Structure formats: C-alpha cells, structure tokens
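Hi everyone, thanks for coming. Let's look at some charged side chains together, and then at a few strands.

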Amino acid sequence: MTFQHVLRGGCAVLALGLAAPALADTAPAPAPAHFGDPVSIGDGVTFDPMLDARLRWEDVDAAPKSADAVTLRTRLGFEVKDQHSHLSFLAEAVGTLALDKGYSAFPYAVPAANNQYRPALATIADPQTLGLNRVQIQYATKALTVTLGRQRINQDDQRFVGSVGWRQNEQTFDAVRVEARRGVFNLDATYADRQNTIYGADGNPRDFYSGKFVFVNGGIKDGGSTLKGFAYLLDYDRTSFINLPNARSQLDSSQTYGVRIGQVFPFSKTLSLALSGSYARQSNYGNNTRAYNVNYYQADAALTVKTQTVSVGYELMGADARATGGTWSMQTPMATLHAFDGWADLFLTTPTTGLGDTHIGLAGKYPKLKALPGLSYAVSYHWFGSDVNNTKFGNEIDASVGIKTHRVSWLAKYANYTAKGFGVNTQKFWLEADYAF
C-alpha cells in the first residue's frame, strides 16, 4: 500500500466524517461577514472557500535569447474544519493558462506532445498546466499540528525547503508533517516521499521526484531571540534520474546539518535592529556516490526606522575543490530559490566553484498614503563571486513597487544582472495583479 493510497482513503473518510454533522443540521447558518469568508454549516463545522488568482506579464532579455509570457494562474479549493475534533480537510486544484506563446515554459526537452518547449526562446518556467495542488488532512491545536497529504511546506526563510511561491505553479510535497510547541520550545519534523515541482503535471520527466526526504527543524523562540538547529536529509530515488543523464548536483542526494540564530533589539517604538546568522555543513548522502563536504554561511543585519528598513548581508554557498571527480558545490534543490541570489535567477543551480553573495537593500511601506493604498517598495544590490578561485561573477540590481486596492494586489518588479565572469547580461520585468480570499 503506497502513501497515495493511504492519503486517498484517509481524505475520503475524513471528508465524510466532517460532512455528517452538516447533513444532520438543517438550521440556517449565518451569512459570512465578507465574501469568501468561512461559512458555518453545522455545530462547530465551517466551510471555507479558497480562490487565488494571479495575472502576470513577464519579459526577459538575456541575449541572444528573449521571451514574453502572459499567464493566468488560478487556485480554487475549500477547507472544512471541525472545531470539536480539531480536524480539517483541504482540497485545492491549480490551473495556469498561457495567453501567448512567446516563451519556453521548460529549460529542458519534453515529450513531443507538449509544445511548450521552445528552445529558441528564453525560459519562463510557467507552463500551461492543470492539476491537484494540495489535498491534506490536518489535526491542529495550540500545542500540536499534524498534517498528512499533498501540502505546502515553508521552513524558516525557505533557503532549504520552500513552496517556490513566486512561480505560477508552486512546489508541494506528499508528506506527513508534525509541528509541536511547548512554551518557548518548538519542533517541526517532516517525512516526504515525493517532491512535486513547479513544472506541473505536463513537465515529464521533471514533474516530480520521488525518494526519502526528512526535514527536522527545532529550537527556542523567546521574544526577540531565536535559536534553532536543523537537518535536511534528501535521498532521491535513482529512478528520478533515468531521463536526466546530465543532471547536476541540484538533484543529487545530500545531508545538511546546521544552526540558525536571530535577535531583534527594539530600541524604541520606531527603531529596531534585527540580526540573523546561519551555519551549515553539507555532504553527499544516500544514492549520491560523489564524496564532498562544503560549508554554508549567512549573516544579515536590518535596521528599521518607523516603516523604512535598510539591510546588509552576506551568504556563501561553499564548494569543495577536493571532491570526488572534481570541484563540487552546495545545492538546495527544495528551496524557494527566487528569494536568494537575485531576482534575475542566474544562480538557481549553484556554480561548481560555489557562490558568494554580498548584498545591501532598502525597503519600506506607506500604510497611511490614501492616494496609493498599501504602497510598498524594495531595492537591493548584489555582488556575486565564487568560493573557489575567488572569481567575480557579476552584479545585480533589483527593484519592486506594489500597492493594494481592496483584495487586489498590484506589483511591478525589475531585475538587471551585469555579467563579469558568469552567465550573460540579463534583464527581467514583471507586471502582475493578485486576487485572493
């Protein structure tokens, strides 16, 4: 009996159990306060409809290739909760519609029946697709949450495990996750056997990867102080690579152990300083026969004055020049990679010689500005270089501005990478509108 069989059976039983009180209760339920809010359907049972729609235009200029993509992503689902049993059932479908063909939706060749691979155009990884995004059973109290099924998992800053929410089709996991909290202590442990990628149901052979994946994250959070240890054990099945003969270590099995610390100093109501740092050690694991050992370092400082924040930081994805078969570098194949190392996405796979990223940033918001409600902005600059050989890779400037009108969020975003020793000059621009309840 597979994980999928257990999931389907458990979901069917739970859905029937949650629906039973509602079928027996014929009393009229109060209307929701706002459209899309949860609706009471019985004694302590609520039905919560979910809709998340995103319309986006993305333009890429990465000579000699360019691309334009207009895509509409829609997630539609529901969640039924029973407050007495603390159980809930969630189901959500996702569909992405490509409104033009001016881009390649995949960076690799796909079966001939799928005409979204256009190698003459730049890649924008938002294929037209339709599928199941999430289906899960959850038990949740203040002290304990257990989630079984296809689910979204975001760990800390998503450097090691995340949902890749920037892309139209997000990354999910078929997993069981346990989150425990007691006082200042917390523990988050997950076992997964399938990683569902951003390429969706038609992204064969990279639509999903199977294996044995363990994520453990826990520690102490007391006020503004955080201390956590973590372990990420990724053992991909060999069958995941049958059609990927040239796959690099982004998809290799690895074990990563580390520690993360954070401290916030609230000097006054309008002035605070946040410090964070991480260290980790990664090496080969499971089915990976290439022996290597690399270090990971991260340090950031952010000073906030009222609603404006200036930040500075450094991150190193290390490399091992003595690795079996030649120099090898650290990879985080389950991370929300767009959030790190520049929005132009030149470094989704860490270069063989490693990657250092020194960055500064300025961000702010204006919540009381009526002419532009919810106005926010962010600007950052990156200096990229290698770990081994100290090579200068390039520089990048990123900028974004957003506003929010009622339930619609509007965003304009720009990235400009200037190549020195890695990649090509790349510019990207986005315009998007999001509506959700």
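I'll start with a term: a residue is buried when its relative accessible area is under 20%, exposed when over 50%, and partly exposed in between, using a 1.4 Å probe and protein chains only. This is a predicted model, where local features need pLDDT of at least 70, side-chain atom pairs count only at pLDDT 80 or more, and totals for chains, interfaces and linings use all residues. Residues are numbered from 1 along each chain as its sequence is written, and side-chain values use heavy atoms, with hydrogens and water left out.

Now, Asp126 is buried, with a relative accessible area of 2%. Arg56 is buried too, also at 2%. Their side chains form a salt bridge at 3.7 Å, N to O; the term means a Lys or Arg side-chain nitrogen within 4 Å of an Asp or Glu carboxyl oxygen.

What else does Arg56 meet in a salt bridge? Glu432, at 2.9 Å, N to O. Glu432 sits in strand β21 (residues 426-436) and Arg56 in strand β2, so this pair ties together parts 376 residues apart in sequence. Strands here are DSSP runs of E, at least two residues, numbered from the N terminus. Arg56, Asp126 and Glu432 belong to a salt-bridge network whose members include Arg54 and Asp434.

Elsewhere, Arg159 and Glu315 form a salt bridge, with the closest N and O atoms 3.0 Å apart. Arg159 is buried at 2% relative accessibility, and Glu315 at 4%.

Lastly, β3 (residues 65-82) and β4 (residues 87-98) pair in the antiparallel sense over 12 bridges; pairing needs at least two bridges found by DSSP. Arg73 stands opposite Thr96 in β4.

Terms used: Helices (H or I, at least four residues) and strands (E, at least two) are DSSP runs, numbered from the N terminus.
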